[in-house]
Amino acid sequence: MSNKKNWPLWEVFVRSKNGLEHRHFGSLHAADAEMALENARDVYTRRNEGVSIWVVESKHITASNPEHNGELFEPAQDKVYRHPTFYDLPDEVKHM
Amino acid sequence: MNKNLYNYILGIADNSLILGQRLGELCGHGPSLETDIACTNMSLDLLGQVRSYYQYAAKIAGDGRTEDDIAMLRKEHEYFNVLLVEQPNTDFGYTIARQFLFDVYHFLMLTELEKSTDLNLSAIAKKAIKEASYHKRFSSDWIKRLGDGTDESHERIQAAINDLWTYTDELFHQTEADKAMVEEGVGVDVTKLKDAYYEEVKTVLETATIEVPESKYFQKGGKQGIHTEHMGYLLADLQYMQRTYPNMEW
């Protein structure tokens, strides 16, 4: 597979309802941003899933390296005191 | 039964049915996963519109026939779609050229149909126009991409436009039913859409560096039920299940 024949890969983020955040829905191929939006509309929102779409070319996403998972994430595993679970919430506070 | 209204509705609906069938043929055969889904998506939009038109037509006919009977069980000469929409998916260039040449017309026509004094037709047009607007955006975009793309894509889209150009004039021919419906304020006077149509088409083609064909010879006949050689094969595909297993349901 040569790069000449393949469109670049794009990541698609869709907001399913006003007020909610955009969530990663998947990826697709497109020649440019405009085509990526149109393709995303057809591939990911044709069953009424969204009200807003973001697309970003996959190469622009910087990802953490799975090999570094130990140093990145393990230190957080044994620190339960970082969760705010040690005090009672008043009933009036909802959606925490 | 109001025969003119019935025929008028069929004329509009058949365009969408036959183009929808053509686009549906690309299911699993599109040039890429994304364009495959886009084409079948448009097909489903068109078939959705078709259901509303045929349900209304069935009501007007009032002879016990259903929307399915009207869609599936007519003979070739009883379909009134324009010749343009029955032309085959020769390559992606033809698919896009056919779509574009129809979409520009479809959008103009629906904009006028929305003003119809017939509330059913006006409501269908109102809903369909958003879909048609997206179709036009999609096909115009692709016209520009192919025209202003590589040497090969330019050559192919130019060939498709040259070949399909001869079917564009028919979009603006009036049938007897058309004239009667325009008279009653129900139908769209398509002759009045012609200038706006060619102006818009030419603007997009020029942006796409595609030469606008100059041929003055145009094909016609679809609106009278006289079709090109492709129509019979298309209907054989479309009608196979209903003809083989009459009254079958999913």
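# Briefing: a predicted two-chain model

Helix α5 (residues 92-113) of chain B packs against helix α9 (residues 194-207) of chain B at an angle of about 140°, and their axes lie 10 Å apart. The model is predicted. Chain B has 10 helices and zero strands. Chain A has two helices and three strands. The contact between the chains takes nine residues from chain A and seven residues from chain B.

**Helix pair α5(B) and α9(B)**

- The crossing of α5(B) past α9(B) is right-handed.
- On the α5(B) side, the contact is made by B:Leu101, B:Val104, B:Tyr105 and B:Leu108. On the α9(B) side, B:Ala196, B:Tyr197, B:Glu200 and B:Val201 make the contact.
- By class, the residues of the contact of α5(B) with α9(B) are seven nonpolar, no polar and one charged.

**Helix pair α1(B) and α2(B)**

- Helix α1 (residues 3-24) of chain B and helix α2 (residues 33-61) of chain B cross at roughly 155°, and their axes come within 8 Å.
- That angle makes α1(B) roughly antiparallel to α2(B), because angles over 145 degrees fall in that class.
- α1(B) passes α2(B) in a crossing that is left-handed.
- The contact of α1(B) with α2(B) involves 20 nonpolar residues, six polar residues and no charged residues.

**Chain B as a whole**

- From the N terminus on, the order of elements in chain B is α-α-α-α-α-α-α-α-α-α.
- What radius of gyration does chain B have, and what would a compact globule with 250 residues have? Chain B has 18 Å, which agrees with the value near 18 Å for such a globule.
- The C-alpha trace of chain B spans about 55 × 40 × 30 Å along its principal axes.
- Of the 250 residues in chain B, 44% count as buried.
- Take the contacts in chain B with a separation of 6 or more: residues 24 or more positions apart account for 74% of them.

**Chain A as a whole**

- Along the sequence, the pattern of chain A reads β-β-α-β-α.
- Chain A has a radius of gyration of 20 Å, but a compact globule of 96 residues would have one near 12 Å.
- The principal axes of chain A give a C-alpha span of about 55 × 35 × 15 Å.
- Of the 96 residues in chain A, 15% count as buried.
- Among contacts in chain A between residues at least 6 apart in sequence, 43% join residues at least 24 apart.

**Where the chains meet**

- Nine residues of chain A and seven residues of chain B form the contact.
- Which elements of chain A each supply at least two residues of the side that touches chain B? They are β2 (23-29) and α1 (33-44) of chain A.
- α1(A) gives the most to that side of chain A, with five residues.
- The side of chain A that touches chain B has three nonpolar, two polar and four charged residues.

**Single residues to look at**

- B:Lys127 sits in helix α6 (residues 119-147) of chain B.
- B:Lys127 has 13 other C-beta atoms within 10 Å, so B:Lys127 is partly exposed. The cut-off for exposed is 12 or fewer.
- B:Lys127 and B:Gln49 are 78 residues apart along the chain, and their C-alpha atoms are separated by 8.4 Å.
- A:Asn48 is a residue other than glycine with a positive phi, near 65°. A:Asn48 lies in the loop between α1 and β3 (52-57) of chain A.
- Is A:Asn48 buried or exposed, and why? A:Asn48 counts as exposed because it has 7 C-beta neighbours inside 10 Å.
- B:Asn247 is not a glycine, although its phi is positive at about 65°. B:Asn247 is in the segment after α10 (230-244) of chain B.
- B:Asn247 is exposed, with 8 other C-beta atoms within 10 Å.

Technical notes:
Residues numbered from 1 in each chain as written. Chains lettered and ligands numbered in written order. Predicted model: local features only at pLDDT ≥ 70, side-chain atom pairs only at ≥ 80, totals over all residues. Contact = placed C-beta atoms within 7 Å. Helix = DSSP H or I, 4+ residues; strand = E, 2+ residues; numbered from the N terminus. Nonpolar A, V, L, I, M, F, W, Y, C, P; charged D, E, K, R; others polar. Rg over C-alpha atoms; globule rule 2.2 N^0.38 Å. Buried ≥ 20, exposed ≤ 12 C-beta atoms within 10 Å, placed from the backbone. Axes fitted to C-alpha atoms, helices over the stretch in contact; angles between N-to-C directions. Left-handed = near helix turned anticlockwise from the far one by under 90°. Parallel < 35°, antiparallel > 145°, perpendicular 65-115°, else oblique.
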